[in-house]
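Subject: Structure for your review

Dear colleague,

Please find below the structure that I am handing over to you. I would be grateful if you could look through it alongside the findings set out after it.

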Amino acid sequence: MKTRRAGLAAALLTTAVALTGCGSSDSGAGSVPEGWGTLKTKGVDVSYPQGYEEQSAAERGKHNAAAAVRTENGKKVSVLTVQLGFTEANSAEQAAIAAEAGIQMGADVKGRQDVELAGTDEARRIDFSFKATGEDGGPAAGTPVEGVILAGLDSRDTAFAIRIDARQGSLPDGDLDRIIDSVEVH
């Protein structure tokens with residue numbers, strides 16, 4: 001039943017997008033700005049700006065289905081990851097709660113809200129910030145980092161979480177919005 005509703009919602013969204021005549025290629029749900037790369041997984045696709053490099057399966061964390069990293073002067077300043085099937089959720093809210101549990105201890109969770117993502121009728125956005133630990137090639141210890149997680153269920157009712165962490169000031173708000181707009185749930 002849930003899969004049928006998700007399929008119907010996706011069809012309605014596709015129809016609505018087609019009827020609005022979106023115009024430019026860099027606006028609207030599921031759109032990919034020119035020159036951007038795309039992380040493709042069996043549950044979701046998400047695009048990233050120039051300057052990021054996609055990691056191979058050997059380079060990324062074992063729980064990540066896909067990842068892209070941007071570095072400056074040999075340090076990671078922004079990381080984009082996709083996790084699939086990380087919890088047995090029955091709703092976007094449950095997926096968001098599980099994804100939020102993975103945020104570093106001491107982080108400041110700024111809130112959870114509904115977010116529209118192409119291909120699903122229900123997803124959540126979690127905004128948070130924390131201080132970098134200085135480990136794993138990231139920013140120096142104490143550097144402010146801002147994060148966003150997009151969580152929900154794909155068409156097979158498998159939980160997904162797309163996480164964007166960026167050193168404060170290293171990812172313009174416009175690029176963050178375009179990353180979110182590029183998400184396509186399968």
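This is a predicted model: local features need pLDDT of at least 70, side-chain atom pairs count only at pLDDT 80 or more; totals for chains, interfaces and linings use all residues.

The protein has 186 residues, of which 43% count as buried. Its secondary structure amounts to 3 helices and 10 strands. Read from the N terminus, the elements follow the order α-β-β-β-β-β-α-β-β-β-β-α-β. Among contacts between residues at least 6 apart in sequence, 52% join residues at least 24 apart. The accessible surface comes to about 9800 Å², and carbon and sulfur atoms account for 48% of that surface.

In soluble globular proteins, nonpolar side chains tend to be buried together. In this model, the largest nonpolar core contains 26 residues, and L117 and I162 are those with the most contacts inside it. Two or more residues of this core come from each of the elements β2 (44–48), β4 (66–72), β5 (75–84), β8 (144–153), β9 (159–167) and α3 (173–182). The largest share is that of β9, which gives 4 residues. Leaving aside residues up to four places away in sequence, I162 touches V44, V46, L80, T81, V82, V148, I149, L150 and V183. There is also a second, separate core of 15 residues, with A99, A132, I149 and L153 among its members.

The charged side chains form a further group of findings. The structure holds 12 salt bridges, and three of these pairs are described here:

- R124 and E122 form a salt bridge in which the closest N and O atoms are 3.1 Å apart. R124 counts as buried because its relative accessibility is 12%, under the 20% limit. E122, by contrast, counts as partly exposed, because its relative accessibility of 33% falls between 20% and 50%.
- R125 and D127 meet through their side chains in a salt bridge, at 3.0 Å from N to O. Both of these residues are buried.
- D165 and R163 likewise meet in a side-chain salt bridge, with an N to O distance of 3.0 Å. D165 is buried at a relative accessible area of 15%, and R163 counts as buried at 18% relative accessibility.

Finally, I would draw your attention to S170, which lies in the loop between β9 and α3. Is S170 buried or exposed? With a relative accessible area of 9%, S170 is buried, because this value is under 20%. A polar atom of the S170 side chain lies 2.6 Å from the backbone oxygen of R167. Not counting residues up to four places away in sequence, S170 touches R70 and V77.

Yours sincerely,

A colleague

Key:
Residues are numbered from 1 along each chain as its sequence is written. Side-chain values use heavy atoms; hydrogens and water are left out. A nonpolar core is a set of buried Ala, Val, Leu, Ile, Met, Phe, Trp, Tyr and Cys residues joined through side-chain atoms within 4.5 Å. Buried means under 20% relative accessible area, exposed over 50%, partly exposed in between (1.4 Å probe, protein chains only). Contact means heavy atoms within 4.5 Å. A salt bridge is a side-chain nitrogen of Lys or Arg within 4 Å of a carboxyl oxygen of Asp or Glu. A polar contact is a pair of N or O atoms within 3.5 Å; within protein, one must be able to donate a hydrogen and the other to accept it, and residues adjacent in sequence count only if both atoms are side-chain atoms. Accessible areas come from the Shrake-Rupley method with a 1.4 Å probe; for residues, only the protein chains shown count as cover.
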